[in-house]
Amino acid sequence: MSARERCILAIDLGTSGPKVALVTPEGEILAHAYAPTEIRFLPDGGIEQDPSEWWQAICAATRRLLNEGTVTREAIAAICCASLYSTTTPVDRDGQPLMNAILWMDTRGAPYIAEITRGPLRLQNYGLGRLFTWLRLTGGVPTHSGKDSIAHILYIKHARPEVYRATYKFLEPKDYINLRLTGQFAATYDSMNLHWLTDNRRIDHIVYHERLLALTGLEREKLPPLRRTIDWLGRLRPEAAAELDLPPGIPVLAGATDAQSAAVGSGAVRDFEAHLYLGTSSWISCHLPYKKTDLIRNMASLPSAIPGRYYLANEQECAGVCLNFLRDSLFYAPDELDTGTAPAEVYRRFDRLAEQAPPGSRGVLFAPWLVGERTPVEDALIRGGFFNLSLGVERRDLVRAVFEGVAFNARWLLEGVEHFLRRRLDAIRFIGGGAQSEVWCQIHADILNRTILQMKEPLWASVRGAAFLAAVALKWLTFEDIPARVQVARRFLPDATRRLLYERLFREFRGLYRATRPVCARLNAPPEHSIA
């Protein structure tokens, strides 16, 4: 059977659930399926998910996909997984989770980061000696927000010591799913980025560094061995094959985080080619050939999914999820929507309302900082909401304000990325669920003042990227072949008539952060917390 007659089973485990697809080496998505997973919000500010639900959802989506009969099971040449990251699952020697996974939005580890990064002489609240050690070795530094993987592990060590003692390995979601698939404990260079424990100076030789382990007080044996994204991890175990309804023995690739996989799937694989992702969260990123850090804007170039390359991302925590908030908390009571109303229909309603509202939303601003922010400012206490409401504001204005607020924050991200790169980015590839909305595409083009390239099937960019990684590992493709295999659906050019309006509103948007920061700090300051 030739390569073109075979396909790859690509898995993209996102915050809201896994997307599973059958993808050809050319990047054509033959069939796909999705299954939701639950997020648990805890009274102490914790945000968790059950890893067993990830696996169950992946199995359910895969069985449903295969039962469609698009391809035979024997045509699947490889399996590759991408996933959310900065999410920590402690497992025992048998690979069983010892507690729920701590999600990327969880900030309970912040006090412990403050402890390990302090010092007598400080810069940006980091002890100078420790700061320079992290910057020199990794290119970055643990964020004080407590949202990085290292913060989650330190939280477990101090607040759940019995779990810490019983932990054999701490795994990111992709690496946990790979363990279920193959029985192999492993991580990739990119999935360990936000642990801040690896020496990234030699991009072709990433290793854990003893000095960083000593700074954090973590044991090397609790961390998984490191692999490249395009390394073969093992073969599908019979037990996993039975649950997935697949033949055992299919090769499994090490895979990548969703941000890295989406970058590949967007087609922006050459240096300084940018893509904008809009899903639950949002980011602007590109590949680049050098290691660099911008401490002020909380940005660094880190190991990429493409071997031998670095990757830069500037991320906002809440983007598409702001529409879920709008839907569930403000617009629709549980009995307002028909039981048969799909989420996609609600989003189409929002599109229509946003199109009906005037640009600028009658002066209403929406700040999307619903769980704090990571970049371009690191602030776990900032909160969002609507500003400048009046009795004349209509529903359509509120919807458009959310669309515009997310885009204003993306412009803030873009400024940081362009400052980091010392160059202007244009023709930005747009992917993720939000890129399906043409009105949101145009709003981003207008507010960013950049050409926006809406990519074909933008929702499936990450699974396409996972398939491309497998195709490269199988030697069906090279990374240089990928851009020609990702199609642009439509180009959106900035509307010059809206330029001055959005320039003025963007200045007010940034000013809103400065004005509300002290208020949010007072309202959301945690109680005194001892970590002794």
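**Rings, cavities and a helix**

Colleague: Which ring does the charged end of Lys222 sit over?
Modeller: Look for a charge over a ring (NZ of Lys or CZ of Arg within 6 Å of the ring centre and within 35 degrees of the ring normal). The charged end of Lys222 does this at 5.0 Å from a ring centre, and the ring belongs to Tyr164.

Colleague: Before we go on, what kind of model is this?
Modeller: Residues are numbered from 1 along each chain as its sequence is written, and side-chain values use heavy atoms, without hydrogens or water. Local features need pLDDT of at least 70 and side-chain atom pairs 80 or more, while totals for chains, interfaces and linings use all residues, as the model is predicted.

Colleague: How far is the charged end of Lys169 from the centre of the ring of Tyr168?
Modeller: Here is another Lys with its charge over a ring: Lys169 over Tyr168. The distance to the ring centre is 4.8 Å.

Colleague: Are the rings of Tyr168 and Phe185 stacked or edge-to-face?
Modeller: The structure has 15 aromatic pairs (rings of Phe, Tyr and Trp, its six-membered one, with centres within 6.5 Å). Planes under 30 degrees apart are stacked, over 60 edge-to-face, and the rest tilted. Tyr168 and Phe185 have ring centres 5.0 Å apart and planes at 80 degrees, so the pair is edge-to-face.

Colleague: How many residues apart in sequence are the parts that this pair ties together?
Modeller: Helices (H or I, at least four residues) and strands (E, at least two) are DSSP runs, numbered from the N terminus. Tyr168 is in the loop between α5 and β11, and Phe185 in the loop between α6 and β12. So the pair joins parts separated in sequence by 17 residues.

Colleague: Is Phe185 buried or exposed?
Modeller: Buried is under 20% relative accessible area, exposed over 50%, partly exposed in between (1.4 Å probe, protein chains only). Tyr168, at 24%, is partly exposed. Phe185 has 18% relative accessibility, so it counts as buried.

Colleague: Which element gives the most to the lining of the second largest cavity?
Modeller: A cavity is a set of points on a 1 Å grid over the protein atoms alone where a 1.4 Å probe fits but cannot get out, and its lining residues have an atom within 4 Å of a point. The second largest cavity has residues of its lining from elsewhere too, including Arg227 and Ala254. Both α6 and β12 supply at least two lining residues. The top contributor, with 3 residues, is α6.

Colleague: And which residues line the largest cavity?
Modeller: By class, its lining has 3 nonpolar residues (Ala, Val, Leu, Ile, Met, Phe, Trp, Tyr, Cys, Pro), 2 charged (Asp, Glu, Lys, Arg) and 3 polar (the others, Gly among them). They are Asp12, Lys19, Tyr277, Gly432, Gly433, Leu459, Ala461 and Ser462.

Colleague: Last one: what is the radius of gyration of the protein?
Modeller: The protein has 15 helices and 28 strands, and its C-alpha trace spans about 65 × 60 × 50 Å along the principal axes. The radius is taken over C-alpha atoms, and the globule rule is 2.2 Å times the number of residues to the power 0.38. A compact globule of 532 residues would come near 24 Å, which agrees with the protein's value of 22 Å.

Technical notes. On a 1 Å grid over the protein atoms alone, a cavity is a set of points where a 1.4 Å probe fits but cannot get out, and a pocket is an open set with protein on both sides within 12 Å along at least five of seven lines; lining residues have an atom within 4 Å of a point.
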